[in-house]
Amino acid sequence: MAEIVLKHIVKKYGDGFPAVNDVSLDIADGEFMILVGPSGCGKSTLLRMVVGLEDITSGDLLINGNRVNDLAPRDRNLSMVFQNYALYPHLTVFENIAFPLRLAKGQHSEEEVRDKVTTAAEMLELTEHLERKPSNLSGGQRQRVAMGRAIVRDADAFLFDEPLSNLDAKLRGQMRTEIARMQRRLGVTTIYVTHDQIEAMTLGDRVAVLKKGVLQQCASPRELYDQP
Ligand code: ADP
Ligand code: ADP
């Protein structure tokens, strides 16, 4: 579980205009925060800074009150789900989901790994597919595997970077429902980047709107989209 606080976060690539410009945001423990805005407004950059895949130029990133700017990704205990799934093609579904547990060397017995992967697979209806390779799965199943890998290791927070944008409309609807259900069940703090207004309206406790790296507003979907 985690409270994530961004204080005056700035990201400059080289000496250009800041990709993220003085963003401050308080994400409560268990909150589902949506990040929207036009292409190039800094959504991915912000997410990558939170997970630790991108250096923060200035400002403070606090997780449960601790400044984590200088912590390596592996020490932040956050799980990120990418748009392109980023599955390992040569590994089975089981081993793809187990991967984060195997990275944490010596911390999980084989029995524990099996238990955790089985539980995640059940939640995501992947039990029948555990021995298959990603190339033999549908887009929706691949996305489920990517989510399985994210939820398998008791992360403090989930970070989603447009996870559904490669799926067709019908699957997108199904997966949206599943993500909502999973997040409620696990109660894990979530930051979710999307272009899709339906996702923003239905999934989020709050929606943060970025434009040219600047936070324009942050409000509940009601306040944001039900305006007269
Ligand atoms: P979004 O996810 O909202 O589409 P990004 O975070 O990908 O936006 O990009 C924000 C800005 O930062 C854009 O102007 C983009 O061109 C720039 N940018 C992103 N990644 C890099 C990089 N690795 N090097 C230089 N500029 C980058
Ligand atoms: P390196 O250059 O050190 O190989 P990587 O980007 O491969 O850097 O990642 C290093 C560490 O970051 C890994 O040990 C992994 O735990 C963590 N990491 C990488 N991608 C993610 C992600 N999507 N979500 C959470 N942690 C990640």
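Buried means under 20% relative accessible area, exposed means over 50%, and partly exposed lies in between (1.4 Å probe, protein chains only). The legends below describe a predicted model, in which local features need pLDDT of at least 70, side-chain atom pairs count only at pLDDT 80 or more, and totals for chains, interfaces and linings use all residues. Residues are numbered from 1 along each chain as its sequence is written, chains are lettered from A and ligands numbered from 1 in the order in which they are written, and side-chain values use heavy atoms, with hydrogens and water left out.

**View 1. The tilted ring pair of Tyr-88 and Phe-99.** Four aromatic pairs turn up in a search of the whole structure. Rings of Phe, Tyr and Trp (its six-membered ring) pair if their centres lie within 6.5 Å; planes under 30 degrees apart count as stacked, over 60 as edge-to-face and the rest as tilted. Tyr-88 and Phe-99 have ring centres 4.5 Å apart and planes at 40°, so this pair is tilted. The pair links distant parts of the chain, eleven residues apart: Tyr-88 sits in the loop between β6 (78-81) and α2 (93-103), Phe-99 in helix α2. Helices (H or I, at least four residues) and strands (E, at least two) are DSSP runs, numbered from the N terminus. Tyr-88 is partly exposed, at 31% relative accessible area. Phe-99 is partly exposed too, at 27%.

**View 2. The edge-to-face pair of Phe-158 and Phe-160.** The ring centres lie 6.2 Å apart, with 70° between the planes. Phe-158 is buried at 3% relative accessible area. Phe-160 is buried at 2%. Ring pairs join Phe-158 and Phe-160 with Phe-32 and Tyr-192 in a cluster.

**View 3. An open sheet of four strands.** The strand order is β2-β1-β4-β5, and the pairing is antiparallel. Two strands pair if DSSP finds at least two bridges between them. β2 (20-27) and β5 (66-67) are the edge strands; each has a single partner, so one side of each is left without a neighbour in the sheet. Five bridges connect β1 (residues 4-11) to β2 in the antiparallel sense. Ile-4 has Ile-27 of β2 as its bridge partner.

**View 4. Helix α1 across the sheet strands.** Helix α1 (residues 43-51) lies across β1, β2 and β4 (58-63). α1 runs at about 120° to β1. Axes here are lines fitted to C-alpha atoms, for helices over the stretch in contact (heavy atoms within 4.5 Å). Angles run from 0 to 180 degrees between N-to-C directions.
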